Amino acid sequence: KKKQYNFEIPNNFHRETLKKIDYYFTLNNKILAISKQKLKNIRGKIIMTGWPRVDLWKKKYKFLYKKEIEDIKKNYKNFILFNSDFSTITKNYKEEINRYYFFNFDENEKLKKKYLEERENFAKNCYLEFLEFKKFLIKFANKNKKQNIVIRPHPSENLRTWHDAVSGLENVFIEPPIGDVTPWIYASKCVLHRGCTTGLQALFMNKPSAFILLNKNLKTKQPFMEKSIVYDICDKVTNIKDLELWVKKNK
């Protein structure tokens, strides 16, 4: 991860933005050290705080979500939660992925071109994988009409595209990614994901967690190391039969 931090920490900001930041909070001492080295022009202080989000995964804090959990269960009963992180799910994947741009490449055209090509290739693969998932979802939902499925799209994903994708499926629901995902994990009977942080969170909270990978031929490049970590420790779903057996096992 050190290579990733060295790359992303300085590149995630426009140079002028750094002059306006009063405090930059970091997750751990490794990120703290790299941030102090790479963010020379920051106006304010760089502080190591840890990650409050992860602290709230502890069982002793479950009471904070009690009312939300009850309301979610009342609405969706015994549901599968799918936390999406495709990010790019429309034909405009090039424009979507390039909204997140590393300004430090502006001075190196060769590096900039290579970076954009890699980003666009990654976005295309994610879009193709989303299309595979949509076909899979329709087949599973129609075959298992008594099983509710709640999808929480990634904040970068187009909600209209998701609503169009599940149109006509009475047992599939789209919930905008508003607020903390924690009560949704608690309220669900199991969590399906593509390797996002919620896969780890679900395991930490003793909730069944499965990594879905439908078409290995797509060879989607996962940009973060934690994707492979989550894949190694979670159950695997590669087809409808896998999902049916996994759901049955985790009633």
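Asn-206 is exposed, with a relative accessible area of 73%. In this predicted model, Asn-206 lies in the loop between helix H10 (197-204) and strand S7. Its phi is positive, about 60°, although Asn-206 is not a glycine. Ser-87 also is not a glycine and has a positive phi, of about 75°. Ser-87 is found in the loop between S3 and helix H6 (93-97). Most residues other than glycine have a negative phi.

The largest nonpolar core holds 27 residues. Those that touch the most other members are Phe-82, Phe-133, Ile-151, Trp-162, Val-172, Leu-192 and Leu-243. H7 gives the largest share, six residues. Leu-243 touches Phe-136, Phe-140, Leu-192 and Val-237, leaving aside residues up to four places away in sequence. A second, separate core has 15 residues, among them Tyr-65, Ile-72, Val-181 and Ala-187. In soluble globular proteins, nonpolar side chains tend to be buried together.

Some nonpolar residues lie on the surface instead. Tyr-23, Phe-25 and Ile-47 form a patch there, with about 310 Å² of accessible area together. Tyr-23 belongs to strand S1 (residues 23-26).

Confidence was also examined. The mean pLDDT of the chain is 88, and 92% of its residues reach 70 or more. Over residues 218-226, pLDDT stays under 50. The model has 23 contacts beyond four places in sequence for this segment. Where pLDDT is low, the predicted coordinates should not be read in detail.

Conventions
Residues numbered from 1 in each chain as written. Predicted model: local features only at pLDDT ≥ 70, side-chain atom pairs only at ≥ 80, totals over all residues. Heavy atoms only, no water. Core = buried A, V, L, I, M, F, W, Y, C linked by side-chain atoms within 4.5 Å. Buried < 20%, exposed > 50% of the residue type's maximum accessible area, 1.4 Å probe, protein only. Helix = DSSP H or I, 4+ residues; strand = E, 2+ residues; numbered from the N terminus. Contact = heavy atoms within 4.5 Å. Patch = residues over 30% accessible without salt bridge, like charges linked within 9 Å, V, L, I, M, F, W, Y side chains within 5 Å. Areas by Shrake-Rupley, 256 points an atom, 1.4 Å probe, with all protein chains shown as cover. Salt bridge = Lys/Arg side-chain N within 4 Å of Asp/Glu carboxyl O. pLDDT = per-residue confidence, 0-100.
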